[in-house]
Every structure is written in C-alpha cells, then in structure tokens.
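Hi there,

Here is the structure I promised to pass on. My notes follow below it; have a look at the model first, then read on.

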Amino acid sequence: MKAIAEVQKPLHVFEQLESEVRSYCRSFPAVFTKASGYRLWDRAGNEYIDFFAGAGALNYGHNNPRIKKKLLEYLQNDGIAHSLDMATEAKENLLQTLHDVILKPRGLNYKVMFPGPTGTNAVESALKLARKVTGRETIVSFTNGFHGMTIGSLAITGNRMKRNGAGLPLTNAIAMPFDNYMGDGVDTTEYIDRLLEDDGSGVSLPAAMILETVQGEGGINVAGFPWLKKIEALCRKHDILLIVDDIQVGCGRTGPFFSFEPAGIQPDIVCLSKSIGGYGLPLALTLFKPELDIWGPGEHNGTFRGNNLGFVAASEAFSYWKDDQLAKDVKAKGEVVHAFLQQLVSSYPYLKGEARGRGLMQGISVGVDGLADKICSEAFKRGLIMETSGAKSEVMKVMPPLTIDAEGLQKGLSILEESIKACQ
Ligand SMILES: *Cc1c(COP(=O)(O)O)cnc(C)c1O
C-alpha cells in the first residue's frame, strides 16, 4: 500500500476559515471527494478503507445503491423534502415500515416521536419525557457514557474534557459505575441498588437510568446481558424508567437491530439516530411505551423533524431487516474481526492490549498512553480510516459498514497489523 500523506494538497481553507473546534479533519487530513460502500477517495485519487463508517451513521455503506435509488426517484418526482411534522406519504411509509418490519416482529410496542434531526435531540426528548412522567429530576447515567453535546445530554456524559465545554454546572444527573467499572467480581448493580433503597444515601430517587449496551465513545465497554437484566430489574423495583441510548450501537451495529434484544430486556424509552436511514441524512427517533405518551400537542417541537429524505432512506434501510440475513452476517464478520484483534493482542504484547466488542463494534484497548492514536495515524497513511475512543483515546475502534465484504475486511485488518508493526 502506498504512503498517502505526502501527495495531499494542504487543508489551507479549513485551517484558515474553520474554527479550531474541528476534529476529524485533523485525524484524517485529506479532502475527500467520493465514496462508495466501504471505500472513500480523496481529491488526489487515493483510496481509503472505511473502518469508521461515519461514527456509526453509515451502517449500510456510503451511497448504498438500494437507498440511493429510492432517494433519486423521490427527488426526481418532486417529493416533499421538508414538512415540519405534517403528514407526508414518506413519513407514513417510515412509520408503517418501522412498525411492520422492526417493532412488531420483536414484540415491541412503542409510540414514535420525531424529536429533531440529531442524536442529542432524541436524548434530550427522552430525558424531558422521563422527568415529565415521573415528576422527578435526577437522571442516573453511567461512567464513560456518551449521550451528546447539548446541555442535558452533556450532564449525563462521562468525558471530563467534553463536560468542561459546557461552561456552566451540569446538574440533575448522577453517574453510577457501568458493568466491570470496578473490576472483575464486583457487581455494580448491588452498589446502585443499595444507594437507591437507602433513605440516607444522599441520592434522590431518579426519573430514569440511561445507558448504552456497548459504550461507543466511552471505549467499547460491553455490558454483560446479566448486568443489563439486573439494571432492568432495579428500574422496575424502584419504579424508575429505563432509557437505552441505541444511537450508535442500534440499527444492527452489534448484530440484531436493537442492541438490547439478546439481553431480553424491554426499555421504556429507546433513542435512535445515526444509522436509521444509514445514508448520512440526519434523522432521530425517540421510541417509548404508549402509556408514557403524555405529551401535549406541540409541547416538544423543532423545524427539522420532517426530513423526508431521511424517511425515504430509512424505509428502504429497514427492508434489510425483513429476514435475519444481515444480523447473521454481522455476527459472523464480528467473530472474524474479534479473532483477528485477539491474535494482534497476543502477537504484539507491547500494545498491552485487550480486544473488546460485540458484533461489528470491536476494538483494542491499548495500555500505552498515546499509542492508539499513533497507530491510527499510521493506518491513515496506509489508506485505512479508524478512530480512537475512550477517555484517553486509548481504544482503536474497528467499525466498518455492516455490508463490508470479506475482502475489504481482510484488507483493512492487514493495514491495521502493518500499522501496529510500524509503531513497534
Ligand atoms: C453520537 C451519539 C449521540 C449524539 O448524537 P448526535 O447526532 O451527535 O447529537 C448520542 N448518544 C450516542 C450513544 C452516540 O453515539
């Protein structure tokens, strides 16, 4: 694989005109022009394999041909593009397909709310609803959780640097230890239960608990199914609502459509966004049990809740779930990736690594400060796009589109191994 960095034209326009807040263009310093499936090209014509997939927004690959066809037809026919929350045929299709293909076969009965276009809008609306329903203020979140950048979502996000950006006190939330946070052999649900049942604990009875079943930004921390079941039981015992933030690990990322399915739990509220349509068109959904639907008309509002192109993309994306083929593929590919990462960890002990993940949300936690970032920039020079996550950017994240083929997967994994060797 040829070295890529030196043939790039510089990113002058971005450096001069865009705010210092920009981030991914620093990790992946190229100007991209084209993408298809698991591949991207920059304007110098270099090809890259995408193990990042828009942070989980591109589960069906870039410019997925099935979804693109529907979008082009819709645009060509002057389909409604923007509609606030008026009734449109595209929205009707989305609601019906979500019900028929996703919710009903899984025995899930949820009302659907359109909270605004981004993930954090889904989270904010979930928090608002939980507080409204219970009349309580506190939300229990978990260590290393990530829920978005607006104030309510930041208050339940773990990362100190991100929290500091708020510039005001982040309140009405309390962080509890996630599964395995206290090390092997400590069941953190016992600690949480004790705090909730004890009138002297100093912890107010919360409105809800919110969690990711696999923490994407927080370092690919995987919650065990028994832990998730105990958390659900705790919520029932103390009359607390359970919110699952499936924004990154939902839509098939871990195999099943919802990441919580194999745990056998039924959250009261579910947040979805990134890959609902999987084409990069902003769309978020807040799903909740019908008895929680105590909103007044227009009580929660927003201009861009009617992104009909997002609806069209989503209706087609859901057709991938008419059988269990994709779920099986993700499981099989996830096993290939996991075995490879495990082999890397044992072949390169200087990584002090640990392979983690579920489905196609995999990674290696690297025990040497700064090394994960170094390896990912080596990977970029060799034509592989990978990001790090975790509080210290210590986890190298392998998150290709779910539709990647065996060849693309192998190529990407080989580049990862070469990049590890280069940092030895
Ligand atoms: C990305 C993400 C969000 C926030 O979504 P935005 O669209 O960036 O606001 C919330 N929760 C999780 C788990 C995420 O991965």
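A word on burial before anything else: buried means under 20% relative accessible area, exposed means over 50%, and partly exposed is what falls in between, with a 1.4 Å probe and protein chains only. By that scale Gly-79 is partly exposed, because its relative accessible area is 27%.

Please keep in mind that this is a predicted model, where local features need pLDDT of at least 70, side-chain atom pairs count only at pLDDT 80 or more, and totals for chains, interfaces and linings use all residues. Residues are numbered from 1 along each chain as its sequence is written, and side-chain values use heavy atoms, with hydrogens and water left out.

Back to the loop. Helices (H or I, at least four residues) and strands (E, at least two) are DSSP runs numbered from the N terminus. Gly-79 sits in the loop between helix 4 (65-76) and helix 5 (89-103), and that loop also holds Asp-78. Asp-78 has a positive phi near 55° although it is not a glycine, and it counts as exposed because its relative accessibility is 70%. Most residues other than glycine have a negative phi. Asn-180 is another non-glycine residue with a positive phi, near 70°. Its place is the loop between strand 6 and helix 9 (188-197), and it is partly exposed, since its relative accessibility is 40%.

Which residues surround it? Taking a residue as near when one of its heavy atoms lies within 4 Å, they are Thr-118, Gly-119, Thr-120, Phe-146, His-147, Gly-148, Glu-212, Asp-245, Ile-247, Gln-248 and Lys-274. By class, this shell has two nonpolar, six polar and three charged residues. Here Ala, Val, Leu, Ile, Met, Phe, Trp, Tyr, Cys and Pro count as nonpolar, Asp, Glu, Lys and Arg as charged, and the others, Gly among them, as polar.

For polar contacts I used pairs of N or O atoms within 3.5 Å; within protein, one must be able to donate a hydrogen and the other to accept it, and residues adjacent in sequence count only if both atoms are side-chain atoms. A ligand oxygen lies 2.8 Å from a polar backbone atom of Gly-119, and a ligand nitrogen lies 3.4 Å from a polar backbone atom of Phe-146. Taken alone the ligand exposes 370 Å², of which the protein buries 82% (areas by the Shrake-Rupley method with a 1.4 Å probe; for residues, only the protein chains shown count as cover).

On to the strands, which pair if DSSP finds at least two bridges between them. Seven strands form an open sheet in the order 4-12-11-10-7-5-6, with mixed pairing. Its edges are strand 4 (111-113) and strand 6 (173-176), each pairing on one side only. Inside that order, strand 5 (residues 139-142) and strand 7 (residues 208-211) run parallel and are joined by two bridges, with Ile-139 opposite Ala-208. Elsewhere, strand 1 (residues 32-36) and strand 2 (residues 39-42) are antiparallel, with four bridges. Two residues separate these strands in their hairpin, where Gly-37 takes a positive phi near 60°.

Thr-157 is buried, because its relative accessible area is 2%, and its side chain reaches the backbone oxygen of Ser-153 at 2.9 Å.

Best wishes
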